[in-house]
Every structure is written in structure tokens, then in C-alpha cells.
Amino acid sequence: MSLNPVDYVLPMTDSTVPLVLGAGKVLGNTVPFGPEAAFSTLSHKGEVLRLARDAGVSVPQSREMEPAVGIEEVNDAVSAVGGFPVVLKPCCSRIWSGKRFLSGKVKVVASREELEAVLGSDPVFRYGSFLVQDVIQGYGAGLFVLFDGGTGTAWFSHRRIRERPPAGGVSTLSESTSLNEPLQKAAEKILKQTGWQGPAMIEFKIAPDGVPYLMEINARFWGSLQLAIDSGIDFPYLSCNMGRRRDDDVSAQGRYKVGVRNRWFLGDLDHLYLTFRGNRKLVQKFRTLASFVLAVSDRSSRNEVFRLEDIKPGIIELLQYFRRNETTELSALHQSLEHH
């Protein structure tokens, strides 16, 4: 098999990374990630929690459940982690159903009725193992690292100001922050133990008392990548230089600006919509609205996708956004008509 000559292949998603790593014999040294076994370990949230405990890092109380487990066993796990509300978290982001890949979405359930409804309607929990976790209050924070030879060669840190969904998820407004040395050491210990090479994002939840809880690790590039680049750490560029073994270029970008903000506008719009649709107090809803309006006029915050110097990604995302929402509304209408 012959391929067009390429310098590097940088897979970006949970679906493409294992496919590219699995094609290592064909792609050769063009992929500065790996190995495949390390990616598999880091992509399993149950395995990551076990590694974190061994490293002395706080994690949420959790119980791992087998696919299609009975409701009584799950209910026992809920009691073991402190009772409702709980988080139902698929162990893997992509689950094979036998016909196609399913996207593993995190669910927060507040009662046994909600628990039964989710387990009965979402096929993800029938085909893949999942965690039952207690809910950690606080804000999201992330450590970004380029890992090479058992050590982090470039680091970055950020906090999530707003997320979609509001209870916790993808950041819609984020800010670069100073590095936390103890968290760096813990993350380095975990990644070194797996033998991972390449970029990784270690996600934490910072509780009101300041205790950081490790939530998961993404052994790939991440959603807030643009924030790191805008702050001064260009991880894709450094990944390619790591492949070329140009370590001088990696160390040259060891510092970054703190306080830089990036906003994913369409995700932030969803955050506002979900806040008003949810069962939140009126004061919380209007605080969110005021924060959203202020962010629009904040010139110190850069837009993550819509940029005048490169407008095409913003246009494509906008078209996909309206197409996806239109499809969702039609699906909801169809289900409603069938129900009646």
C-alpha cells in the first residue's frame, strides 16, 4: 500500500486516535502519539480513577457497573456513594453497540425514577460499563501537557467559567491560570505509569474547600486547545517538533500568559438556553443572562471559533449548529406525534 508523503498525522478525537494508532505499521513514524495500549488505559475512566488513587489524588466516590446491570444493583451503588443526586458516567466516550459507535454522555440523576428512565432509554448503559459517582460541587479545571520520555515537556492550566451543560461538561468560557505544582506531579506520575507519549488533558473539579478531584484524562487534543495557543503554548506545533526531536523548540515555549479568556459562543448560547430551561432559581437565571451579555461586550475575551482572520470555521460551525438543532427539533416532534 502506498501513501502520499506526509510529515505528521495528528488525530483529534476519541474515534480517530485509536484508528490512527492501530494503523501504526502503515503510518510509521508520522504519528507522535502512543502507544495504543496506553491510550486504551487512559480512555477508560474506571482505570484512570484507580491510577489516581494509587497516585494519592482525590477522586469522587465511585462504583463501576457492568453493561445492562439490573436496577437494584445500580440503586445499591447509589447508596454506596452517598445517595441521590449521582452522576452516571460511561467508562468510555465511544461505545460499540455491534452496529455503530454510540457517544457516551454523562447523566446527572436526582431520583430513582430518573435513574430508571435513563437506564431504560439510553443504549449507552446497555452496551458499555459505567460509573456511578457522587456529585462534586465546584468549578472545572484542566491541566494540559505534552508528555515525552516519562516527563511533561510543556504544561498549561485553565479553569472553566461556564460549561455546557451547566452542571458540568465542555467549557464555553475558560481562562488560563497558573500551574499547580502538586497536580502536575500527580498527573506526571499517572501518565508515566501508562507509558503515554503525546498530548493529554487531565480534568479536575475543584471543590468549594479547595480540594481538587481528578475526573478523567483525555489522551488527545482537547476542546480548549485554542486557549492554550492564544496564551502562548502551541501544542500541535510542539507535538510535531517532538516528532522531529527538536527539544529546543519545546522548551522555548514553557511560559504562557495567565488571565487570557476564550469563549465558544454557540456553546455559551446553549449554556444560557439550558439554564433557563432547567429547574433553577429565577435569580440564577438572570445572573447567567447578565454574565452572557457582559461576555459579548468583553473585548479582552477572544472568540474560540469566529475569527475575522479565518472566518470559514465559524461559518461552517454555524451551519452545522442550525442543522443539528433543526434535526433535534424534528426528532422531538416525531416522538411526540408517535406518543399521541
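Author: Helices and strands here are DSSP runs, numbered from the N terminus. In this predicted model, histidine 44 lies in the loop between α3 (36-42) and α4 (45-54).

Reader: Why is histidine 44 called buried?

Author: Buried means under 20% relative accessible area. Histidine 44 has a relative accessible area of 16%, so the residue is buried.

Reader: Which residues is histidine 44 in contact with, leaving aside its neighbours within four places in sequence?

Author: Those residues are Arg50, Glu64, Cys91, Cys92 and Ser129.

Reader: What makes isoleucine 311 partly exposed?

Author: The class runs between the 20% limit for buried and the 50% limit for exposed. Isoleucine 311 has a relative accessible area of 36% and is therefore partly exposed. Its place is in the loop between β13 (301-303) and α14 (312-339). Together with Leu308, Ile315 and Leu319, Ile311 forms a nonpolar surface patch with about 430 Å² of accessible area.

Reader: How does the reach of helix α12 (residues 265-277) stand against the span expected at 1.5 Å a residue?

Author: The expected span is 1.5 Å times one less than the number of residues. Helix α12 has 13 residues and reaches 18 Å from first C-alpha to last, close to the expected 18 Å. Buried residues in α12 include Leu266, Asp270 and Leu272.

Reader: What is the mean pLDDT of the protein chain, and where does pLDDT stay under 50?

Author: The chain mean is 88, and 91% of its residues reach 70 or more. Where pLDDT is low, the predicted coordinates should not be read in detail.

Conventions: Residues are numbered from 1 along each chain as its sequence is written. This is a predicted model: local features need pLDDT of at least 70, side-chain atom pairs count only at pLDDT 80 or more; totals for chains, interfaces and linings use all residues. Side-chain values use heavy atoms; hydrogens and water are left out. Helices (H or I, at least four residues) and strands (E, at least two) are DSSP runs, numbered from the N terminus. Buried means under 20% relative accessible area, exposed over 50%, partly exposed in between (1.4 Å probe, protein chains only). Contact means heavy atoms within 4.5 Å. pLDDT is the predictor's confidence in each residue, from 0 to 100. Patches are made of residues with over 30% relative accessible area and no salt bridge: like charges are joined within 9 Å, nonpolar side chains (Val, Leu, Ile, Met, Phe, Trp, Tyr) within 5 Å. Accessible areas come from the Shrake-Rupley method with a 1.4 Å probe; for residues, only the protein chains shown count as cover. A salt bridge is a side-chain nitrogen of Lys or Arg within 4 Å of a carboxyl oxygen of Asp or Glu.
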